[in-house]
Amino acid sequence: MNETINLLKQHRSIRKFTNELVSPEQLRDIVEAAQSASTSSNMQAYSIIGITDKELRSKLAELSGHQVYVAEAPVFLVWCADLYRYDQAIKLHKDEETEPAGMTENFIVATVDAALAAQNAAIAAESLGLGIVYIGGIRNDPAEVARLLELPKGVYPVFGMCIGVPDQEPLRRPRLPLEGVYAENRYRPDKVLEAVHTYDHAHRSYMISRSQGKSGITWSEAMEAKASRNRTHMREFLSRQGFHLK
Ligand SMILES: Cc1cc2nc3c(=O)[nH]c(=O)nc-3n(C[C@H](O)[C@H](O)[C@H](O)COP(=O)(O)O)c2cc1C
């Protein structure tokens, strides 16, 4: 196994950070690594907003469901899917109305672009000995986040990311068995439940260790609990933000 694969396999989310700062050089390397990710048709349809203002940070922590590490992490980045820049570039060359930038295909492109760039940043940060956690909680109230960050139409916050020096050493969270996610030549519905049962066991053991015996929730139980907490406001928010999903 090489160093890169080793690093990738050691990933675990970090939710407690020391006070040590992330240097501007480190942040620059992380953002440049993000920019090096593959991007659909070179659209680079994302923007990254670093939140350095303490008050704004507290507000975002609160909006994310009171996740304290959002306020406390040395760096907090908001990853936005961005079709505003794309639209502006087109308008330099075309006066008449074209297909709205925010149609379904471009929504997918921009969201995927933001995620690919973010994951490059995550790996870059981890390679520097830093820890990260993604924050989907910023989509709890995306309209308020968009207002606070002054996001124009065509830009929406996909997730946040805390970055800093780890002040904890959490256990690695096990994943589904490989056969549960990889198949050759065709999808294998017959393999699904077998993988879920196997993973339920591994997940329960992991949760018992992580919680010192307080929780032994299985993965399928966790998914059932999650299913009732969906962000059903997203479709309407996206439409108001200029993503018309046509
Ligand atoms: C898009 C995305 C959003 C996430 N949002 C949150 C979040 O709001 N709060 C949090 O503590 N973890 C969040 N996570 C972290 C996941 O819970 C974590 O990656 C997953 O449980 C696997 O654990 P691991 O990263 O430690 O391996 C998020 C992860 C992703 C990819």
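**Close-up views of a predicted model**

View 1. Around the ligand sit 14 residues, with His11, Ser13, Arg15, Gln67 and Gly136 the closest; a residue counts as near a molecule or strand if one of its heavy atoms lies within 4 Å of it. This is a predicted model, where local features need pLDDT of at least 70 and side-chain atom pairs count only at pLDDT 80 or more, while totals for chains, interfaces and linings use all residues. Residues are numbered from 1 along each chain as its sequence is written, and side-chain values use heavy atoms, with hydrogens and water left out.

View 2. His11 places a polar side-chain atom 2.6 Å from an oxygen atom of the ligand. Arg173 also has a polar side-chain atom by a ligand oxygen atom, at 3.2 Å. From Tyr134, a backbone N or O atom lies 3.2 Å from a nitrogen atom of the ligand. On its own the ligand has 620 Å² of accessible area, and the protein covers 68% of this (Shrake-Rupley method, 1.4 Å probe; for residues, only the protein chains shown count as cover).

**View 3. The largest nonpolar core.** Such a core is a set of buried Ala, Val, Leu, Ile, Met, Phe, Trp, Tyr and Cys residues joined through side-chain atoms within 4.5 Å. Buried means under 20% relative accessible area, exposed over 50%, and partly exposed in between (1.4 Å probe, protein chains only). Among the 56 residues here, Leu60, Phe76, Trp79, Tyr156, Cys162 and Ile163 touch the most other members. Helix 6 (residues 104–127) gives the most to this core, ten residues; helices (H or I, at least four residues) and strands (E, at least two) are DSSP runs, numbered from the N terminus.

**View 4. Gln241 and its surroundings.** Look for Gln241 in the segment after helix 11 (234–240). Gln241 counts as buried because its relative accessibility is 9%. The side chain of Gln241 reaches the backbone oxygen of Pro152 at 3.1 Å. Leaving out residues up to four places away in sequence, the contacts of Gln241 (heavy atoms within 4.5 Å) include Ala146, Lys153 and Tyr156.

**View 5. A serine with positive phi.** Ser41 is not a glycine, yet has a positive phi of about 50 degrees. Ser41 lies in the loop between helix 2 (24–35) and strand 1 (46–50).

Key
A polar contact is a pair of N or O atoms within 3.5 Å; within protein, one must be able to donate a hydrogen and the other to accept it, and residues adjacent in sequence count only if both atoms are side-chain atoms.
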